Amino acid sequence: MEKVLTRNIGENPVPTNMAAYEANGGYQGLKKAMDSMSNSDCLQVISDSNLRGRGGAGFPTGMKWSCVPMGEKCTPGHKYLICNADEMEPGTFKDRLLMEYDPHQLIDGMILSAFTIDADIAYVFIRGEYIVAIERLRSAIKECYEKGYLGDNILGSGYKLDLYVHPSAGRYICGEETALINALEGKRAIPRAKPPFPQVSGLWGRPTIVNNVETLCNIPHIIDKGAKWFMSLGRGEDAGTKMFGASGKVKNPGCWELPMGTPIREIFEDYAGGMQDGLELKGFLPGGGSTDFLLPEHLDLAMDYNVIGKAGSRMGTGTMIILDDQTCPVGMTLNLIKFFAHESCGFCTPCREGLPWTRQVLEDIESGKGVKEDLETLAYQIGYIGAMGNTHCALAPGAMEPLQSALKYFRDDFDRHISGGCCPYHQSGSA
Amino acid sequence: MTELREKNVVRANIIQSDITSHLTAEEIQEIDTELSHVPYKSGAAIDALKIVQSKRGWISDESLRAIAHHLEMSAEDLEGVATFYNLIYRQPVGEKVILLCDSVSCWICGADTIKEKISAKLGIDYGETTHDNRYTLIPVPCLGACDRAPVMMVGDDLHRNIDDKIIDSVFGDLNEDNDSNESRLNSGVKNSSVKNSNSNSEEGQS
């Protein structure tokens with residue numbers, strides 16, 4: 001298989017500097033664009049490539065960019081490109097790898113994306129805990145200024161771009177793009193009402209695009225090699241490759257670049273090595289903490305946005321969290337709900353009050369104090385909190401995804417907690 | 001009336017001069033660098049909090065008021081920002097903050113047990129600081145190293161696949177006397193962060 005995103009990241013990777021990145025074809029797309037492409041040419045290629053956002057929602061990147069007012073349609077002033085490097089979705093560990101070992105690839109992608117929407121200022125909004133990635137990005141940015149890839153008049157094209165790294169001060173909600181913009185403005189990271197969409201009124205009220213790290217890392221390759229080449233990389237209906245991963249009690253947890261549409265079984269068995277000895281697969285979250293559980297019967301599905309969607313879940317970030325048969329599904333769901341309840345920004349009532357309530361009900365069930373009616377309460381909460389439109393943003397509906405699917409697939413386990421008055425998994429000596 | 005007003009003006013000046021002298025020249029310079037790319041001063045609120053915290057370990061009420069004054073915003077507004085973010089500390093913390101991941105992948109791989117062990121070893125629960133002021137223990141959402149769960153950060157260092165051996169090597173043997181503990185911690189831990197994290201992540205990724 002052709003490696004795209006990880007072509008500079010081998011078995012025992014070393015961080016790629018400017019020389020190494022360029023020696024392997026880096027900044028070719030940038031030179032090509034600065035030399036002979038207009039921003040509408042770039043937008044056309046990205047739209048044609050069918051690239052979809054890799055942050056979790058899977059929104060078509062070209063369509064997102066096409067909403068940015070260009071030329072005379074845009075009032076004079078700054079435009080912004082923001083890289084969302086606030087990787088905080090539970091069980092997600094792909095962007096860290098891309099930034100730590102190939103920081104230039106991300107910067108390359110950011111310059112090209114900023115050029116496409118005619119932005120003059122770009123930010124990498126990165127988790128404060130990613131200390132190594134922050135340092136490597138900063139030194140790579142310095143190399144780019146020295147080479148003339150950033151700053152005034154990039155490669156003699158007349159295009160100007162400044163790039164800053166902004167380490168975050170925490171909070172999961174910063175991954176929501178409008179909350180991220182508020183955080184960048186020095187405010188509390190509370191999501192904004194949409195519309196207006198950031199493409200029209202984002203950072204400081206100016207047109208702004210926010211894209212995930214992995215999405216932006218794809219851009220240089222698409223500009224360099226074209227939309228057709230990118231489409232041909234996928235095995236199913238979606239284009240390109242994707243960082244897939246597996247964590248939990250598998251033999252070989254890790255993160256691998258594979259074609260879109262790779263069957264889950266292949267990732268789980270061939271790459272993750274299947275379950276650790278003595279354990280069976282009970283279920284899995286296909287793409288982070290806010291996706292619905294799937295079962296072993298779903299292993300032959302392809303990792304494509306629509307295929308996973310039809311099965312009742314979401315591909316999300318593509319990094320799977322594996323549930324084994326000795327780990328309590330109620331406990332796992334409780335852990336996720338605790339996380340979301342803690343990370344609620346507190347702005348809207350269903351999320352601020354509803355998630356802690358849900359947590360309390362689950363805590364009761366897990367500790368053996370649950371009653372039958374608790375399951376009805378949970379169903380009511382799922383219906384109320386989980387419905388889009390009842391909450392200010394997607395955090396609380398996302399939190400309901402693992403819960404509703406756990407109730408659907410692992411109902412017996414909930415019942416056993418209630419009828420037995422304790423956690424049956426704890427009794428057998430496991431977590 | 002006029003007299004009273006003048007008195008208040010004098011009072012205000014005294015408070016203000018106290019506040020401004022509370023930020024060091026170095027802090028002011030670093031904050032002003034951030035101000036260069038924001039359209040209004042309060043836009044750099046989080047950067048300013050992080051700058052001051054990096055020098056002082058945490059944000060005291062005095063620090064908060066001094067930053068607010070420098071950014072021409074109210075202390076109450078800045079307090080709202082400061083208390084929103086989990087990496088801004090409004091209470092004193094130890095020399096190193098232990099950020100222990102309690103999210104789902106680490107939980108599956110035994111993070112609860114690891115927490116109990118660290119708590120027992122250091123004698124602190126979440127939110128508490130050791131008596132020698134060396135460590136503060138805080139839970140943190142997913143640290144993005146789930147393939148090597150359970151994980152934690154101690155200061156700037158990321159530790160993966162935490163087990164008894166790692167807990168012992170990071171926190172030392174509590175039975176040792178304080179002096180030797182001190183010398184070991186001081187030798188090599190400071191400024192080795194990047195190197196340590198590198199070797200960890202190089203070992204950790206495939």
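1. Domain bounds, as used here, come from an automatic or database domain assignment. On that basis chain A splits into domain 1 (18-233), domain 2 (241-322) and domain 3 (329-427). Bear in mind that this is a predicted model, where local features need pLDDT of at least 70, side-chain atom pairs count only at pLDDT 80 or more, and totals for chains, interfaces and linings use all residues. As for labels, residues are numbered from 1 along each chain as its sequence is written, while chains are lettered from A and ligands numbered from 1 in the order in which they are written.

2. Next, how domains 1 and 2 of chain A meet. Their centres, taken over C-alpha atoms, sit 27 Å apart. Domain 1 of chain A puts 13 residues into the contact and domain 2 of chain A puts in 18, with two residues in contact if their C-beta atoms, placed from the backbone, lie within 7 Å.

3. Now chain A as a whole. You'll find 18 helices and 8 strands in chain A; these are DSSP runs numbered from the N terminus, helices being H or I with at least four residues and strands E with at least two. Its radius of gyration is 22 Å, close to the 22 Å from the globule rule for 431 residues, so chain A is as compact as a globular protein of that length. That radius is taken over C-alpha atoms, and the rule is 2.2 Å times the number of residues to the power 0.38. Along the principal axes, the C-alpha trace of chain A spans about 75 × 45 × 35 Å.

4. On burial, 58% of the 431 residues of chain A count as buried, against 37% of the 206 residues of chain B. The cut-offs: buried means 20 or more other C-beta atoms within 10 Å of a residue's own, exposed means 12 or fewer, and partly exposed is in between, with C-beta atoms placed from the backbone.

5. Chain B has 10 helices and 4 strands, running α-α-α-α-α-β-α-α-β-β-β-α-α-α along the sequence.

6. One spot to look at in chain B is B:Ser119, in helix 7 (residues 111-122). Because 15 other C-beta atoms lie within 10 Å, B:Ser119 is partly exposed. Beyond its neighbours within four places in sequence, B:Ser119 contacts B:Ile124, B:Asp125 and B:Leu137. B:Leu137 is 18 residues from B:Ser119 in sequence and 8.2 Å away in space, C-alpha to C-alpha.
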